[in-house]
Amino acid sequence: MARGRAEDELGGLEVTRRACDEWLSDGDLSIVVGEPRAGKSSLLRFAVSDLLDDGPRSAALAAKFGSHLPVWLPFSFLCEYLKGDAERSVESAVRAWLTRYSAQHLHHLVVRALADDRLLLVVDGLDEWTDEGSARPALTLLENFVRSRNVAAIVSSRPYALRRRSSPGDPNGFRISSRWR
């Protein structure tokens, strides 16, 4: 591990450098932030596929989330899905996402993982929305779902989108809960 000071778009931060999988295994709620093409989606895909593999390569992820069911959900899909009906939920969005890929028969596993607090929700691209009017309620719904259902989650975003969502005093900005690290 190496310690150092980093200057980025979010301001100067004290950072400790370590392996991504070890960092992700430190908490139940994580935001992976990086510039375009930095490998955010690749890291999320690695985590999901490694956890689903019979012989995971990451001991840290397996120790923390090995009993969890990782479920991938693009934020852009969630935004579009929620536009269709105010009564829709994150859980029904997961069902719709599975159905889109002819995997609706797996939804019962999501229900079971929710029931016993073993769901790991992996949401890619908090910055990838086309309509701010649908992004706001989608983010709020996502935060409330994670908080109220005791769901572990890993999300990704570009720095500018995170800064916009969490800017203090901005009534139009999105808010990221302090529970996310």
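Let me start with helix 5, residues 90–100, whose buried residues are Val 90, Glu 91, Ser 92, Ala 93, Val 94, Trp 97 and Leu 98. Please keep in mind throughout that this is a predicted model. Those buried residues pack against quite a list of elements, namely strand 4 (69–74), helix 4 (75–83), helix 6 (107–115), strand 5 (119–124) and helix 7 (132–149). Just after helix 5, Ser 102 takes a positive phi of about 55°.

Why does Glu 91 count as buried? Its relative accessibility is 19%, and because the cut-off for buried is under 20%, Glu 91 counts as buried at that value. As for its surroundings, and leaving aside residues up to four places away in sequence, Glu 91 touches His 107, Val 111, Leu 114, Phe 145 and Arg 149.

Let me now step back to the whole chain, for those of you who are seeing it for the first time. The secondary structure of the protein chain comes to eight helices and six strands, and from the N terminus on these elements run β-β-α-β-α-α-β-α-α-α-β-α-β-α. Of the 181 residues in the chain, 43% are buried. If we take the contacts with a separation of 6 or more, 67% of them are accounted for by residues 24 or more positions apart. The accessible surface of the chain comes to about 9,900 Å², and 50% of that belongs to carbon and sulfur atoms.

Four strands form an open sheet in the order 3-6-5-4, with parallel pairing. Strand 3 (29–33) and strand 4 stand at the edges, and since each has a single partner strand, one side of each is left without a neighbour in the sheet. From one strand to the next, the twist averages 15°. Helix 5 packs on this sheet, touching strand 4 and strand 5, and its direction makes about 85° with that of strand 4. Helix 6 also packs on the sheet and touches strand 4 and strand 5, with a direction that makes about 115° with that of strand 4.

Looking at the pairings themselves, strand 4 and strand 5 run parallel and are joined by six bridges, and here Trp 72 stands opposite Val 122 in strand 5. Strand 5 in turn pairs with strand 6 (residues 152–157), again in the parallel sense, over four bridges, where Val 123 stands opposite Val 155 in strand 6.

How many of the six residues of strand 4 are buried? The answer is six of six, so to speak, and the strand is mostly covered. Both of its faces are covered, with Leu 69, Val 71 and Leu 73 buried on one side and Pro 70, Trp 72 and Pro 74 buried on the other.

Finally, I would like to turn to the aromatic rings, where the count comes to three aromatic pairs. Phe 77 and Trp 97 form one that is edge-to-face, at 4.9 Å centre to centre and with 65° between the planes. Because Phe 77 lies in helix 4 and Trp 97 in helix 5, this pair ties together parts that are 20 residues apart in sequence. Phe 77 counts as buried at 13% relative accessibility, and Trp 97 is buried as well, with a relative accessible area of 14%. Trp 97 and Tyr 101 also form an edge-to-face pair, at 4.9 Å centre to centre and with 65° between the planes. Is Tyr 101, then, buried or exposed? With a relative accessible area of 52%, Tyr 101 is exposed.

Taken together, ring pairs link Phe 77, Tyr 81, Trp 97 and Tyr 101 into a cluster.

Notes. Residues are numbered from 1 along each chain as its sequence is written. This is a predicted model: local features need pLDDT of at least 70, side-chain atom pairs count only at pLDDT 80 or more; totals for chains, interfaces and linings use all residues. Side-chain values use heavy atoms; hydrogens and water are left out. Buried means under 20% relative accessible area, exposed over 50%, partly exposed in between (1.4 Å probe, protein chains only). Helices (H or I, at least four residues) and strands (E, at least two) are DSSP runs, numbered from the N terminus. Contact means heavy atoms within 4.5 Å. Accessible areas come from the Shrake-Rupley method with a 1.4 Å probe; for residues, only the protein chains shown count as cover. Two strands pair if DSSP finds at least two bridges between them. Axes are lines fitted to C-alpha atoms, for helices over the stretch in contact, and angles run from 0 to 180 degrees between N-to-C directions. Rings of Phe, Tyr and Trp (its six-membered ring) pair if their centres lie within 6.5 Å; planes under 30 degrees apart count as stacked, over 60 as edge-to-face and the rest as tilted.
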